[in-house]
Each structure stands twice: as structure tokens, then as C-alpha cells.
Amino acid sequence: MISNLGAVLLIVSFLTTCSTLFLYIKNNIIQKSSIYLQFFLFYKVSFYLILFSFFVLIACFAISDFSIISVYENSHTDKPLFYKISAAWGNHEGSMLLFILVISLYGILFLLNSKNINDSLRACTIFFQSIIQLIFLSFLIFTSNPFSKIFPVPVQGLGLNPILQDPLLAIHPPFLYLGYVGFSLVFSLLLAALILKQYNSRWASIAKKWIMLPWSFLSFGIGLGSFWAYYELGWGGYWFWDPVENASLMPWIASTALIHSIVVMEKLKKLFAWTAILTILTFILSLFGTFLVRSGVLNSVHAFANDPERGVYILFIITIITLGSLIIYILKFPKESVNNNRFALFSRDFSILLNNYFLIFILTVVIVGTTYPILLSVFTGETISVGPQYYNTILAPFIFIFLILMAIGPLMKWNGNSPILMKQKIFSFFIVSVFLTILISLYLSGYNFIFLLGVLCSVYLIVSVFHEIVMNKKIFFTKHNFSRLFSHLGFGLLILAITLNHFFSKEINAKLHLGESFFKQGIKINFLKSESSKEKNFEELFGIYKITKDNKTFILKPSVRKYKQPQQFTSETSIQRDGLSDVYIAMDYAGDPSMGMGVRFYYNYFIRLIWISFALITIGGIASFVRRGNEKTI
Amino acid sequence: MKKPSKISLLVSVTVIFFVIFYYSLKANNKNNPNIMLNKPLPAIELTSLVNTNLKQELPLINRDKYYLINIWSSWCVPCREEHSILMKLKDKIKIYGINYKDKKTNATAFLNKLGNPFYFTGSDKDGSISIEIGAYGIPETYVVNSQGLIIFKHVGPLNKKIYLRISEIIK
Amino acid sequence: MRNIFLIILFVFFIPAQLAMASAEREINIYKNIRCLVCQGQSLNDSNSDFAVDLKKVIKKKIINKETDKEIYKYLTERYGDWILFDPPLKKKTLLLWALPLITLIGGLFILGKRLVFHLKQ
């Protein structure tokens, strides 16, 4: 059966990767270019084997081959084809195969896009990438084989959880993997450069795009997850500081610091140590996130396959990769480069250094908040929860200062500057921002101190970005400035939108009988009527509600679905746009129906601006590598 | 710092992290059912399932023996599974049952069919009594001593292992 | 005339304000409590039986004029600190709040040393 083919492909890929490594080690001293060709060929073969293996897995899901355990556990003949396919990576084993595929894919992408780099660096990078690939392939084949069989072959599958049948949820993991797993390549590139003594500013120039590419995917993946949670889960929220969310945020923060650090390394030949450490840290955090999510140590809404035994293996993998990379760093880091680390106080590079300190602090807070319950339970056996209030309380003041830094930093010149002009700009931006903040405050009648501070700081950043765009229209479209300006603008808008959303959103819980109305906080909710419908695998009860706010009327149709197989209830939200905000409602299906139908209504203020900000940040990232830049040949 | 000492420091720190997280995999990271151990049972009043005039207050005062409290209902499948163990325990120790959010007819039919291990069965129609004694997922079983302290609590159906454990405790 | 006006104000508006404030307080309490049979959801966000029952119990306590602190104490006595989302400030969470502070001070210290070094030049 083709499932056997899949397993065979995996094993052959494993062997090919081994051969790749063996070939490299054996021929390390020989400089013949033909050896390199052979080496790269082997690597390409191992990639295709993994790719076909993945296709085979998808095919098995598509035809519902229940002789394979993962198909049996995660699929069902009644599932629409799209979800049958996405179930292939919606389980532990399949997603690990996707994980490995992404590692291999980045290796191939690197091979295809590095023709101007010397072969020894290319080969060494692929060498390290192959090691990572091999480690995870062994993990897959020996502990989490997606092609494991079951006998006797069941007639029907188990996997028909309706919550998992959502288009956004289906494509969310691939984007995240293209993100944080993609950092494996710059990691390998770093180790290769250290060993070959090619770790310098020319390396930084090459490496930059191999950070920007996964960073963009990761930004998009996180935004997508947030977007899905908002539309599907029905709580009106978009970020919950849930441990699994944090697991993807941690490499994002580290890689953002890395991006800034590598720019300084390329331009000014400083921050060599920061860049190296951040590269290793980003990849380790990606793996650590994988560990947290799959091992069962965390308790969250995103309950993935929780298997402590697999957790031990992943933990072991992280340990050896960490040890290996840091030992190489300690032994091979070019000491001389540190002599260059002088900074003038009012320089762009110093502000980037400062920015890195801030990001590391934010990262520490997220790591502490996420792992503290785990560590506490190990040492004392007690359990606590760390909710959003912890993060919001500690991080808010720092993010505000951070916004100011993001605005002021780019105003300064590299290595020092002319303070007078800069001080003028800083001051005039401040005046404009205060003016705009007062306007916003009066328009919304918002006088809360934190609100005003948040608006002021984010507007300050936005003003500085717009100023730069307007003043430099000609060079705006150089790849470098476009990228930074878009992403920084996106971040400023994001914090502004979050601030507005936090202070001006409304939440109303009510129990309504048919025909009843409820009025609160300037909003009227009228339960007009109900309708029911029947689909192939569920029955649906719709509630038709009329919402009236500020002389505007909206008709919303939330519903409760009763699925048959397995029997489960879900609540589907109904959302309508009001400018940049959303009118949002969901029905409760628990509780005593004789008391009326429970509804949760949210007016999500400026929520659409949050999605726009995510998009801008991502576009900024993509812009940095889409056009060929001036990377030097080494 | 010299390179070898850097490396040994790195290795020790990494190994420590490995060990800590290794234990975290073993540690119980969900709700700790032991929070109420050796604490007094909160006072509750049970109304009998069969006769609404008959009431029972817990914890019992002036008793010199252990007793069990078991929260169950007729619609709960694991309760069915553990029922035989309750029947075995019935002769060793007094069991007070709390019938959780159930219909009287279904509950009595359940007991008639599978046997009644309870010395007294109280009814908890809205779940508030179970919450009062810190339950959250039925079936749950408590062992209370003569001073009214909870000395053992188990969430989920009883099995052989727990049965033996309880038998040890109540000797 | 003025007195009647004030009385009307008192009777109609202030209870409404209080009602709004108390409804918000109720929701805030539910948001801070974990639904123990769900994965990571709060009472406010959950429709499970346990969540509905527990909300009823809490609502009774609110009507009985119990304070937030008393309600949380009732819950943590029975279910442990884990049931609250906001970590309490106790001995065991000391490090949770202290670690960011230590990091901050450490960072400032290192940065300060560097600045002093540069200013001296």
C-alpha cells in the first residue's frame, strides 16, 4: 500500500541524509568542486524523498486509508476533502513530518539562492542543516512515525472534531513552521561561518534575508492565529497570553532583536557577539516552543498531542543542539571583533543596542510568565496560573518607552550625528503628537492616564514614520527604508489599536427571550427571531438579533451547532463591520433555556486596525527580501 | 574566563535545565487534588434522595471511625465502572453518597439495578454542594476521619489500586 | 422642587450606575477564574456545566455582599491558587514578580557600566 511507500521514503531519506553527512566529513579536506556537486545532489535527493513522503501522507488522508494510525485517529470519511488533507499535519506525527520538510526546504532554498557564495560555506551550512534534519528524522521514524499501521483495519475514523474544521486553523501551522522552523537555516549558516572563520559583516549581509524570510512568515502566522481566535472562539479577544501563543512569540521577539543586531553588524561591523548569540537563541526558543506545546507540560486551549514521553526526546534534542552550538560559539568566535564595539551615545547603533536590551527584557518576562507555573510545580508541587494581568502590568510601561525609542532611533546617524537637527525633530514630533493625542482624547472622551500615554507614544512613532516618508519621498522605495518604515508604522498602529481597543470596547452579557430587547451603554440588543437549518453533519439554530448603536442598525445571525458525530455543541459568532470596529455577538448554549437565551455581545473598537497593523508588519518584512539588494559576494 | 571553564559552565547549566524540565514532565501540572488534604471538610447539609424530610449534616461529630463520601450520578459512565468497588467498600466503611444533578427516578433505578453501597444518599440538584466541598469532576471520593479532616481525595473512578490504598488508610 | 429632583436622580440613576458597576465586577470575577474542566478557558468564556454551576454559586455570594477577596479565598481553599488567573502576591509567587525586576536592574547595571566606560573616553 502507499502507506508503506511513505514509510520507505522516510527511511531512504534518513539514509540519504546520513550519506550526505558522511560524504561531507570524508571529503572535508578535498577542495574539488565535483565533490561539492555530488554533496549538494545528495542533499537535494533527501529533500525530494521527504517531500514525496509528505505527499504520500496527504494521499493516505485523502483516500481515508484507516490502516494508518494517524489517519484513523484524525480523519473520517464524512470530512470534506480540504479538512482530510489538513488533518495530515493537524496531528503530532504529521506535523513533525511537515517540520522536517520545512527544515529541508530551507536548505534547498538556500542552495538555490546562494550561487554567489563560496562553496565551502554553502556546503558547511548544508552540513549543519543536514544534522538537524537527521536528528528530527530519527525522532520521527523511531518515536512518531506517521505511517505506523494498525490491524485490524478499522472501518471508520475517529477524527471529526468540528472545531478543527476551519480554513484558517488548517493553514495556520504551515505558516508558523515556515516561520520558526525556518530559523534553522541562519543557525546552520552561523555555525558554518564560525567554523570556516567567515563570520564577518559580509556574512551578515548574506544572512539577513535568511532571517527576514522566516520572520515574515512567523509574524503572519502569529497574526493569523490571533485572527482565527477572534473569529472562531467567540470571546471577542485576540490574544490571551496563552502559553502556546507565547511559545510562538518568544522566537519572534528574539528574531526581531536579531534583525536589528545584524543590520548593525553589516553596516558598522559591531555587535558580532549579540548577533551570534541571538541567532542561536532564536532557534533554541523555536525548539523550546515546540517542546512546550507537544510535551503536555502546559495547560492551554491549544491542547495538542500531549505525550510526556515524546517530550523527553524533544528535550534531549534541544539539549544537544544547545550544547553543540554554544560550544562551537565558545571555541570559534572571532575574539578580535569585540574591539570594535564602541558606541557614541546619540547614535543609531547605540539606540539599536538599547532596543536589544528592551527586547531581551520583554522576552524574559514572557519566558518567566510562561515557564513559572511549570517550574513552581517541579520545585514545590503547587500550581498557579499566570494570566494576562501579569504581562499587561509589567510590559505596558516598557512598550511605551520602546515606542519612543523606535521613533527617535532612526533619526540619528550611524556612529554619531548632528544633535541639533535631531533635537529639533524630537521636539517637534512631540508637539504634534501631544496635539493629536488631545484631539483623540476629546473626541472619545478618554481621560485615563494609561490610555493617554499609550496613544501619545504610538502616535509619536507614527508621526516620525510619516515625517520620514514625506521628507524622503525619493528614496522611500529603496528596499531598506521601505521595509523598516512599514514594519515600524505597523507596530505603532498596532499599539495604538490595542490601546483604543482596550479602553473603548464594550462587552454586554444578557439573557433574552424571543422578542425581548436589552439596552445598556448606548447599545440596544433585540432578539428578533430564530431559525433552524440542517447540514450534513450538524443541526444549526440561528438567532437573529438587531443591534442599534448611535443611530446605526446591524442585523447579526449567530448560531449554535449540534454536531452528531461526535456529539458536540459549538457556538458560531456573527460579526459585522462598523468602520474599523466590529459589532460581534455569540450565543451561549449552556444554562437554563427557560431563563432566556444567553448572548455575549462585544463592540470591538478599532479591531480591524489590529489586523491591518499585522499585515503592515508582515509586508515590511517581505519587502526586505523580495528585491535583490546589494549583498556582496563572498 | 578561559574557554574550558566556559564550556563546563555551559554544560552544567544546560544539564540543570534539562533535569528541571525532565521532572516537569513527570510533575502534576493540572489541578492539585491535594489542596484540601488534612483540612476540615466544609459543613454541608444533605437532603435525602428518597425522603426530603430526612437530612444529614456533614462532617459528622463525635464519631470515632472513618467514613467515605462519594459524588456520583446515574448518567455518569465512570460512576458505573467504579460502582462494584464501592459495593466492596460498603462493608468496611460507611459511605455517604451525593447524587449530583440527577433525576430521582434515574438515581433510584441505578441503585436498584447495581446495588446500593450508600449508608445515606443525599441529593445535590444544582451542583452547589459538590462545589462547597471542592469537587469539579465526578466521580469524586473523599475519606474523612473522626476529626472531620479530609485525609484522602480521589478525582475520577475508583480502581483496584485506589481501593487498596483506601483499605490501608482506614485500618 | 429641587429636593424632588434630587430624589428622582437618586432613585433612578444611581442604582443604574451601581448596577452597571456591579455587573462589570461580576464579569471581571468570572474572567479571573479558570474553568477547571476546560483547557485554559475562564468561567466567563466557558459553557461547561461546571462553569455554569460555579457562576451560580459565585453570583449568590455577590448578592450576599461578599467581597472579591472573600470569594477568591473560598475558591482557593477548595481548588488551589491555580483556579485564579491572576497570580496572587504570595511567598511562592515572589520570584515570578521579582525575576523581571532582577532582569531590569541587571540590564540597567550592564548598560550603565558601558555608558560610564564610554563617557570616560
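Predicted model: local features only at pLDDT ≥ 70, side-chain atom pairs only at ≥ 80, totals over all residues.
Residues are numbered from 1 along each chain as its sequence is written, and chains are lettered from A in the order in which they are written.

Chain A meets chain C through 40 residues of chain A and 36 residues of chain C (contact: heavy atoms within 4.5 Å). The buried area is about 3,500 Å². This is the accessible area (1.4 Å probe) that two parts lose on being put together, summed over both. Carbon and sulfur atoms give 61% of the area between chain A and chain C. One salt bridge crosses this interface (a side-chain nitrogen of Lys or Arg within 4 Å of a carboxyl oxygen of Asp or Glu). It pairs A:E507 with C:K31, with the closest N and O atoms 2.8 Å apart. On the chain A side, helix 13 (348–380), helix 14 (388–408) and strand 1 (506–512) each supply at least two residues. Helices (H or I, at least four residues) and strands (E, at least two) are DSSP runs, numbered from the N terminus. Helix 13 of chain A gives the largest share, 11 residues. The chain A side divides into 21 nonpolar, 13 polar and 6 charged residues. Here Ala, Val, Leu, Ile, Met, Phe, Trp, Tyr, Cys and Pro count as nonpolar, Asp, Glu, Lys and Arg as charged, and the others, Gly among them, as polar.

The contact of chain A with chain B takes 29 residues from chain A and 18 residues from chain B. About 2,100 Å² is buried between them, 76% of it on carbon and sulfur atoms. In chain A, A:L315, A:L323 and A:I330 lose the most area to chain B, together 23% of what that side buries. The salt bridge count between chain A and chain B is 0. Helix 11 (272–295), helix 12 (308–332) and helix 13 of chain A each give two or more residues to the side touching chain B. Helix 12 of chain A gives the most, with 12 residues. That side holds 17 nonpolar, 10 polar and 2 charged residues.

The bond joins B:C76 to B:C79, S to S 2.1 Å. The torsion about the S-S bond of B:C76 and B:C79 is about 90°, so this disulfide is right-handed.

Methods:
Heavy atoms only, no water. Disulfide = S-S within 2.5 Å.
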